[in-house]
Amino acid sequence: MDLIEKLQYLDRRWIFLLIALTVILPLIIPLHLKINPSPAVESGYKFIDELPEGSKVLISYDFEPSVVPELGPMGTSFIHHCCQRKHKIIGMALWPAGQVLLESALNTVARDVYNYRYGLDYVNLGFMAGNQVVITSLGESFRKTYPTDFYNTPLSKIPLMNGITNYSNIDLIIDVSAGDPGIPYWVMYAGTAYGKKIIGGCTAVSAPQLYPYYSSGQLVSLLGGLKGAAEYETLIGKPGPASRGMDAQSVAHVLIILFVIIGNITFYLDKRRQKMRGKQAWKS
Amino acid sequence: MAKYRIPILIAMITGCAMVIREFIPHYPFNILNTTFQQWYMIIACFAILLGVGSLLTIHGQKISRRRPGWGYSVVLILSFLIITFFGMVGGISEKGEGFIGSGFNWMFEYMYNSLQSTMFSILAFFVASAAYRAFRARTAEATLLLLAAFVVMLGRVTAGEYLWSQLPIITEWIMDYPNTAGQRAVMIGIGLGIVSTSLRIILGIEKSYLGGE
């Protein structure tokens with residue numbers, strides 16, 4: 001077996017090993033690659049920054065633990081920024097597991113770092129079944145949609161919710177989403193129908209699909225994947241897990257491109273050799 | 001025939017009422033909208049219960065009939081019962097502190113969270129393996145796609161900027177124009193499809209949602 005054949009039929013365990021090394025090593029030995037925020041991320045940062053102090057921001061955690069490495073830092077960065085600007089946070093989830101992830105993020109950031117008080121500065125409304133109908137229903141009444149919060153406290157007993165009837169009392173909606181229900185529904189039912197400003201955060205794979213909403217101005221900003229999260233961490237001056245993960249992702253992407261190049265070179269060399277053999281056989 | 005006619009009539013009346021509501025947002029159509037929304041949310045909650053019932057029935061049958069892989073079904077049912085128990089007993093006790101220390105949260109944080117992340121991260125290995133074996137520039141279109149993928153993959157990570165400072169700009173251009181144009185075409189197609197299917201349901205032409213042929 002020559003080199004071309006060896007490369008063509010390379011045991012995939014070698015590929016797995018190389019990928020594991022390229023992900024693990026940069027996490028252990030950081031490369032400290034510089035992160036430059038893109039316009040799509042900067043516009044969201046600027047919007048939150050320019051909102052008057054005490055503005056009411058609705059954050060929807062529409063994802064599950066499988067995408068926490070990508071979307072977790074994104075959500076946390078948004079909470080950090082809202083707290084830095086002293087905005088009030090109303091959290092909710094259209095995905096069942098999102099409410100627990102949100103609660104954890106609110107407690108570790110808003111409560112523990114910025115001394116936010118539950119019910120006064122932030123609230124977690126929890127999960128509500130119904131997908132896009134929940135979004136539409138919030139436009140009519142928060143209390144009818146969510147009679148109680150995550151802790152089963154009636155919304156009438158939560159001081160923060162006293163001044164909130166529907167979307168007219170919300171200054172900004174942030175949706176961190178891993179799929180359906182997610183950003184398109186928020187754009188259609190809260191953005192278009194109620195004229196609300198929306199910032200979206202999504203996984204890297206769904207970013208191309210959602211980019212038209214940003215290009216058309218239906219989204220104020222779109223954060224795509226770990227890079228979007230790392231850029232936001234840079235902007236708020238709180239480098240965290242996303243910034244660390246970018247080193248690993250950068251090296252892994254370069255390696256995957258090398259794999260594609262090597263795979264194509266061996267494919268063409270093998271094809272050419274087969275053609276040559278065919279010609280020789282025909283001549284003889 | 002009533003088995004089909006009554007649901008078709010319900011769909012027709014409901015659909016027409018929702019369309020009229022968009023043009024006449026006054027009584028009684030505005031009330032209808034709110035009522036339908038509440039009904040939908042209640043039905044969605046019951047759908048979760050239905051899902052749980054179906055899950056337990058299917059896996060219960062698999063265990064009782066000792067079908068291949070029935071051991072996994074035992075694990076699934078046990079995990080379901082344990083996490084439900086901890087969720088209902090002390091899952092949320094008091095504001096903030098009670099939840100974080102609860103057994104339910106412990107299982108969510110250290111079991112469910114880790115298991116889901118592990119499953120998703122395995123994808124990286126398969127993507128790498130597929131990149132090596134399947135991404136071939138066999139045709140001109142495939143070559144174009146491959147080149148666009150190269151640029152976007154590098155332009156979306158910090159390493160791309162180090163390799164060539166123009167890469168993020170080209171990436172933004174690809175995302176802004178060719179990608180947006182393609183995605184918009186797909187979205188418009190889907191939108192038109194939704195409108196036509198909805199009309200077919202309202203007019204009683206589309207009956208596949210009722211089951212059967």
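Mentor: A:N131 is partly exposed, because 19 other C-beta atoms lie within 10 Å of its own; 20 or more would count as buried and 12 or fewer as exposed, with C-beta atoms placed from the backbone. The model is predicted, so local features need pLDDT of at least 70 and side-chain atom pairs pLDDT 80 or more, whereas totals for chains, interfaces and linings use all residues. Residues are numbered from 1 along each chain as its sequence is written, while chains are lettered from A and ligands numbered from 1 in the order of writing.

The backbone of A:N131 has a phi near 45°, a positive value in a residue other than glycine. A:N131 sits in the loop that runs between strand 3 (122-127) and helix 6 of chain A; helices (H or I, at least four residues) and strands (E, at least two) are DSSP runs numbered from the N terminus. Helix 6 spans residues 132-140 and is among the elements that give two or more residues to the side of chain A that touches chain B.

In chain B, B:R66 also has a positive phi without being glycine, here near 50°. B:R66 belongs to the loop between helix 2 and helix 3 of chain B.

In chain A it joins A:D180 to A:P181, with omega about 0°, and A:P181 lies between strand 4 (172-177) and helix 9 (183-194). In chain B it joins B:Y27 to B:P28, with omega about 5°, and B:P28 lies between helix 1 (2-23) and helix 2 (29-64).

From the loops we turn to the interface. Here 51 residues of chain A are in contact with 49 residues of chain B, contact meaning that the C-beta atoms of two residues, placed from the backbone, lie within 7 Å. Besides helix 6, the contributors of two or more residues on the chain A side include helix 2 (12-28), helix 4 (68-84), helix 5 (98-111) and helix 10 (207-215). The largest share, 14 residues, comes from helix 12 of chain A. By class, the chain A side divides into 30 nonpolar, 14 polar and 7 charged residues; Ala, Val, Leu, Ile, Met, Phe, Trp, Tyr, Cys and Pro count as nonpolar, Asp, Glu, Lys and Arg as charged, and the others, Gly among them, as polar.

Helix 12 of chain A (residues 241-283) also packs against helix 11 (residues 225-236), with axes 8 Å apart and an angle of about 135°. Axes are lines fitted to C-alpha atoms, for helices over the stretch in contact, and angles run from 0 to 180 degrees between N-to-C directions. This angle makes helix 11 of chain A oblique to helix 12 of chain A; under 35 degrees is roughly parallel, over 145 roughly antiparallel, 65 to 115 roughly perpendicular, and the rest oblique. Helix 11 brings A:L226, A:K227, A:A229, A:A230, A:E233 and A:T234 to meet A:A242, A:S243, A:G245, A:M246 and A:Q249 of helix 12. Those residues comprise 5 nonpolar, 4 polar and 2 charged.

Helix 3 (residues 70-88) and helix 5 (residues 103-133) of chain B cross at roughly 135°, their axes coming within 7 Å. Helix 3 and helix 5 of chain B are therefore oblique to each other. Their contact is made by B:I83, B:F86 and B:G87 of helix 3 with B:G103, B:F104 and B:M107 of helix 5. The residues of this contact are 4 nonpolar, 2 polar and no charged.

Of the contacts in chain B between residues at least 6 apart in sequence, 21% join residues at least 24 apart. B:M12, in helix 1 of chain B, gives a view across the sequence: its C-alpha atom is separated by 6.3 Å from that of B:L203, 191 residues away along the chain. Apart from neighbours within four places in sequence, B:M12 is in contact with B:I202 and B:G204. Like A:N131, with which we began, B:M12 is partly exposed, having 14 other C-beta atoms within 10 Å.
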